[in-house]
Amino acid sequence: MRRTTATAVDRKGVARSAFALAVVVATASLAGAVTAAPTLCPVALLTGTPCPGCGMTRAVLALARGDLRASWAAHPLASLVVAEAAAATWYGVGRDVRPSTRQLTLTAGLTAGALVIVWLLRYALGTLPVV
């Protein structure tokens with residue numbers, strides 16, 4: 001049986017933490033730069049109608065700037081997605097305990113369902129982002 005030393009686990013945890021920090025810093029630095037970029041969504045480009053995830057990038061960047069109103073207007077579920085990403089990062093940084101496949105599938109299914117429900121509501125109310 002192969003033993004993992006404490007040093008190897010610590011190095012892996014430090015590397016993951018550094019990567020997570022780099023992602024946060026990169027997002028924060030882009031937050032002020034991206035405000036009115038063209039859409040890159042293939043569904044929106046092909047159909048002319050925004051997909052359920054359209055506006056999410058702008059919403060997350062608005063959250064990074066601290067602009068909750070702009071984030072909510074761009075996509076109401078951005079804070080949920082950021083919380084899920086933070087939880088995934090928390091579990092992924094230096095931990096041997098992982099959520100089960102069932103938990104991950106349930107979370108992904110509920111998030112996808114919420115995205116579709118919010119998209120339908122925004123479509124009905126005419127508040128989808130402009131493509």
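Tyr123 is exposed, its relative accessible area being 52%, where exposed means over 50%, buried under 20% and partly exposed in between, with a 1.4 Å probe and protein chains only. This is a predicted model, in which local features need pLDDT of at least 70 and side-chain atom pairs count only at pLDDT 80 or more, whereas totals for chains, interfaces and linings use all residues. Residues are numbered from 1 along each chain as its sequence is written, and side-chain values use heavy atoms, with hydrogens and water left out.

A search of the whole structure finds one aromatic pair. It is formed by Trp119 and Tyr123, whose ring centres are 5.5 Å apart and whose planes meet at 20°, so the pair is stacked; rings of Phe, Tyr and Trp (its six-membered ring) pair if their centres lie within 6.5 Å, and planes under 30 degrees apart count as stacked, over 60 as edge-to-face and the rest as tilted. Trp119 and Tyr123 lie four residues apart in helix α6 (residues 101-125), and are therefore separated by about one helical turn.

His75, in the loop between α4 (68-74) and α5 (78-92), is buried, with a relative accessible area of 1%. Leaving aside neighbours within four places in sequence, His75 is in contact (heavy atoms within 4.5 Å) with residues including Pro52, Met56, Leu115 and Arg122.

| Residue | Relative accessible area |
|---|---|
| His75 | 1% |
| Tyr123 | 52% |

The protein chain has six helices and zero strands, helices being DSSP runs (H or I) of at least four residues and strands (E) of at least two, numbered from the N terminus. Buried residues make up 18% of its 131 residues.
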